[in-house]
Amino acid sequence: MTGGNEKKHIDALFTMDLEDLRKGPGKIDRDIPLDWLGQEMKACEYNVEPTKAHVRMGLSAHDQGVLLSGNASVRVKTECGKCLAETYLDLECALNGFMMPIGTGQELEERDNELTPQDLKREWYEGDTVVLDEIMRDAIMLELPMNPRCSDSCSGIALQVLDSSKKEHMDPRLAPLASIKLPKE
Ligand SMILES: [Zn+2]
């Protein structure tokens, strides 16, 4: 079992030693590697590429586990789902949770639910290292919109109307717009 744990920690990007946390609160304030995040974002249904990502998080050890709170600021490049324009989105991803040691935590959870405030997401850690990669990924992915838009008011029709050569593929309701003759020089 321990062999598996060690490997997992070696691969992890964001870790915190429990021993250090018991001495005093810990802090993570650093850029998130874009290649790692880009890889994770391949799970998204549309093309999205992170261009900037930073995490700020505080952690503190308590009797039952580790409390964490902070946020990740992420800028991604994608396409508007309506007009296909290149679009940048700024995501503010809240990172809050209570991490409990695996094993004892499950038993405690069954016994009562008053150990942590109810709105805190419960997570788990193994051994003496808190691994935060998954929490971070989940919080960021959650903030990606279902349908990215260049703006709230994107009508999505601008490209179609301007290109009158594609008239035949056009929504018939837009045909009158395409037939309007623009003055030529
Ligand atoms: Zn758009």
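1. Over which residues does pLDDT stay under 50, and how many contacts beyond four places in sequence does the model have for them? The stretch is residues 1-5, with two such contacts, where pLDDT is the predictor's confidence in each residue, from 0 to 100, and two residues are in contact if their C-beta atoms, placed from the backbone, lie within 7 Å. Where pLDDT is low, the predicted coordinates should not be read in detail. For the chain as a whole the average pLDDT is 82, and 70% of the residues score at least 70.

2. A word on the basis of these points: this is a predicted model, in which local features need pLDDT of at least 70 and side-chain atom pairs count only at pLDDT 80 or more, while totals for chains, interfaces and linings use all residues. Residues are numbered from 1 along each chain as its sequence is written.

3. The chain contains seven helices and seven strands, these being DSSP runs numbered from the N terminus (helices H or I, at least four residues; strands E, at least two). Along the sequence they follow the pattern α-β-α-β-α-β-β-β-α-β-β-α-α-α. Of the 185 residues in the chain, 18% are buried; a residue is buried if 20 or more other C-beta atoms lie within 10 Å of its own, exposed if 12 or fewer, and partly exposed in between, with C-beta atoms placed from the backbone. Among contacts between residues at least 6 apart in sequence, 62% join residues at least 24 apart.

4. Five strands form an open sheet with mixed pairing, in the order β2-β3-β4-β5-β6, where two strands count as paired if DSSP finds at least two bridges between them. Its edge strands are β2 (26-31) and β6, each of which pairs on one side only. Neighbouring strands of the sheet are turned by 25° against each other on average, direction ignored; axes here are lines fitted to C-alpha atoms, for helices over the stretch in contact, and angles run from 0 to 180 degrees between N-to-C directions.

5. Taking the pairs in turn, β2 and β3 run antiparallel and are joined by six bridges, with Arg-30 opposite Val-55 in β3. Val-55 also stands opposite Ala-72 in β4, within an antiparallel pairing of β3 and β4 that extends over 13 bridges. In that pairing Ser-60 has Leu-67 in β4 as its bridge partner, and a hairpin joins β3 to β4 through four residues.

6. β4 and β5 are antiparallel over 14 bridges, and Leu-89 in β5 is the bridge partner of Val-76. These two strands form a hairpin with six residues between them, and Leu-84 in the turn has a positive phi of about 70°, a positive value in a residue other than glycine. Leu-84 counts as exposed because it has 11 C-beta neighbours inside 10 Å. β5 and β6, by contrast, pair in the parallel sense over four bridges, and Phe-98 stands opposite Arg-122 in β6.

7. Which strands of the sheet does α5 touch? Helix α5 packs on the sheet against β3, β4, β5 and β6, and its direction makes about 140° with that of β5. The buried residues of α5 (residues 133-143) are Ile-135, Met-136, Arg-137, Ala-139 and Ile-140, and their cover includes α3 (34-40), β3 (48-61), β4 (66-79), β5 (86-101) and β6 (122-125). Met-141 also lies in this helix, but counts as partly exposed because it has 16 C-beta neighbours inside 10 Å. The C-alpha atoms of Met-141 and Leu-91 are separated by 9.6 Å, although these residues are 50 apart along the chain.

8. The largest nonpolar core has 27 residues, of which Ala-72, Leu-95, Val-130, Met-136 and Ala-139 touch the most other members; such a core is a set of buried Ala, Val, Leu, Ile, Met, Phe, Trp, Tyr and Cys residues joined through C-beta atoms within 7 Å. Two or more residues each come from β3, β4, β5, β7 (129-131) and α5, and the largest share, six residues, comes from β3. In soluble globular proteins, nonpolar side chains tend to be buried together. Leaving aside residues up to four places away in sequence, Leu-95 touches Met-57, Leu-68, Ser-69, Gly-70, Asn-71, Ala-72, Ile-135, Met-136 and Ala-139.
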